[in-house]
Amino acid sequence: MNPSQLSTNDSAAFLADFRSMSTFGATAGGGVDRQAGTAADGQVRNWFRGLMEGHGFDVRYDAVGNQFAVLELVPGAPCIAVGSHLDSQPLGGKYDGAYGVLAGAHAAIRLLRQVRSGELAAQFNIAVVNWFNEEGCRFKPSMMGSAVFTGKLPAARVLATTDPAGTTVREALESIGTVGEFTLDLAAYVEIHIEQGRSLEDAGLTIGLVESTWGANKYEFIVHGEQAHTGATVIADRHDALLGASALVMAAREIADTFSTAEHDVITSCGEFTVFPNSPVVVASRVELLVDVRSTDADVLASADAELHRRIAAIEKSASVRIERGAEHIWAAKAYDQAGMVLAAECAEELGLPYGTVRTLAGHDSTNLKDVVPTIMLFVPSVEGISHNEKEFTHDADMLSGADLLTSLLGRVVAGGFVPGK
Ligand code: GLV
Ligand code: MN
Ligand code: MN
């Protein structure tokens, strides 16, 4: 057996830890609710700290609550980080993000054993990371902690960001006690995640080597109308914000239908929609909604985006409302490190795991990390592609194969096989 492969004990330990981790924020429907900075997020972070400290890792937090379990193997050397996120959507699945953090933890724990037995000559230290607020549901935008880490968002702005109840990120982090001053010298990043789509399952593959991200343009819109009586105000006098916002939701879907080509899909959504004052006999004065437009191709995305903005002007006229564009969150369709994919493919072949290349529709912390350090992103299958849903499911055998591959790959990276050691 390859020394990095999991023993039966390692597999049992991984699955036992996965089950324990999934109890934090567990929902009746079999998922989890661990929105960033909530009590459940605090509990799972403490559990993760205990797990890693029990294996001799030093657990630290940076200024925006990113959690690092550091294993010093080579004093003064930079770190290879491996991880994902432990926060979830409301009524989310228990695999999204959490699988990657735990797989990274177990890979690092096994590599420590290899270092101690002399099988692995490390050139780097290891940091298992749980990025703060990848999901972006309670506090926007998504991928928040990794955005600050990679210099895409200022920490001060993030700490002052509020949730719908007015609580700031700073207050939320302080309330769960997971904020500090740690900084990390990072050489490369590795992440494993469930696919959240069905391509691996459909193709009968166990591992996806992620070759690139899709591009995504996400916009917060505020539709301004005029509050009025739903019965007494004649149609000609209305400025109905809800009518304008609904037209925008419909326009987004029509754009997906008309701009998708045989080569390049366009995917659009409205996932959040808040009506003010949301009262039965009141024409809405304001609606806040979030629309996102995604595509594999930059030109196709630009055309779909331009059409969305043309449609906004038309909706303003027809619904007699004003549509304001608020914050935006944009990332480009961009490739992952080619050499990293080759290395991951070699590891998969050695372990006899069927693999293929995939692109990621969803954003991940690696979307940010790959722009600043060499980054490798791996997927394991999601049954029926179900995600952001309590029914999200990945078979134990696939989780274990992914952890097996991650151990082998991380071992090669830590030994200097991806980026050169200093
Ligand atoms: C993640 O933030 C996504 O929108 O896919
Ligand atoms: Mn995720
Ligand atoms: Mn998610």
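Me: What distance separates an oxygen atom of ligand 1 from an N or O atom in the side chain of Ser 142?

Reply: Begin with the general idea: a polar contact is a pair of N or O atoms within 3.5 Å, and for pairs within protein one atom must be able to donate a hydrogen and the other to accept it, while residues adjacent in sequence count only if both atoms are side-chain atoms. In this structure the distance at Ser 142 is 2.6 Å. A side-chain N or O atom of Arg 294 lies 2.7 Å from an oxygen atom of ligand 1, and at Gly 363 a polar backbone atom is 2.6 Å from a ligand oxygen. Of the 190 Å² of accessible area that ligand 1 has on its own, the protein covers 86%; such areas come from the Shrake-Rupley method with a 1.4 Å probe, and for residues only the protein chains shown count as cover.

Me: What should I keep in mind about the origin and numbering of the model?

Reply: The model is predicted, and local features need pLDDT of at least 70, side-chain atom pairs count only at pLDDT 80 or more, and totals for chains, interfaces and linings use all residues. Residues are numbered from 1 along each chain as its sequence is written, chains are lettered from A and ligands numbered from 1 in the order in which they are written, and side-chain values use heavy atoms, with hydrogens and water left out.

Me: Which residues are around ligand 1?

Reply: A residue is near a molecule or strand if one of its heavy atoms lies within 4 Å of it, and for ligand 1 the residues are Ser 142, Met 143, Lys 218, Arg 294, Trp 331, Ala 362 and Gly 363. The shell divides into 3 nonpolar, 2 polar and 2 charged residues, where Ala, Val, Leu, Ile, Met, Phe, Trp, Tyr, Cys and Pro count as nonpolar, Asp, Glu, Lys and Arg as charged, and the others, Gly among them, as polar.

Me: Which residue coordinates both manganese ions?

Reply: Asp 96 does so, and the ions, ligand 3 and ligand 2, are 3.6 Å apart. Asp 96 lies in the loop between β3 and α3 and Glu 135 in the loop between β4 (125-130) and α4 (144-149), so the pair ties together parts 39 residues apart in sequence. Glu 135, like Asp 96, is buried.

Me: Where are cis peptide bonds found, and what is omega at each?

Reply: Lys 140 and Pro 141 are joined by a cis peptide bond with omega of about 5 degrees, and Pro 141 lies in the loop between β4 and α4. Another cis peptide bond joins Phe 276 and Pro 277, with omega of about -5 degrees, and Pro 277 belongs to the loop between β9 (266-276) and β10 (282-283).

Me: What is phi of Asn 278, and is the residue buried or exposed?

Reply: Phi of Asn 278 is near 60 degrees, a positive value in a residue other than glycine. Asn 278 sits in the loop between β9 and β10 and counts as exposed because its relative accessibility is 59%. Glu 384 also has a positive phi, near 55 degrees; this residue lies in the loop between β14 (375-380) and α12 (396-414) and is partly exposed, with a relative accessible area of 48%.

Me: Which residues does Thr 360 touch?

Reply: Contact means heavy atoms within 4.5 Å, and, not counting residues up to four places away in sequence, Thr 360 touches Val 210, Ser 212, Thr 213, Trp 214, Tyr 336 and Phe 379. Thr 360 lies in strand β13 (residues 355-360) and, at 1% relative accessibility, counts as buried.

Notes: Helices (H or I, at least four residues) and strands (E, at least two) are DSSP runs, numbered from the N terminus. Buried means under 20% relative accessible area, exposed over 50%, partly exposed in between (1.4 Å probe, protein chains only). Donors are N, O and S atoms within 2.8 Å of the metal (3.2 Å for Na, K and Ca); water is not among the atoms, so sites may look incomplete.
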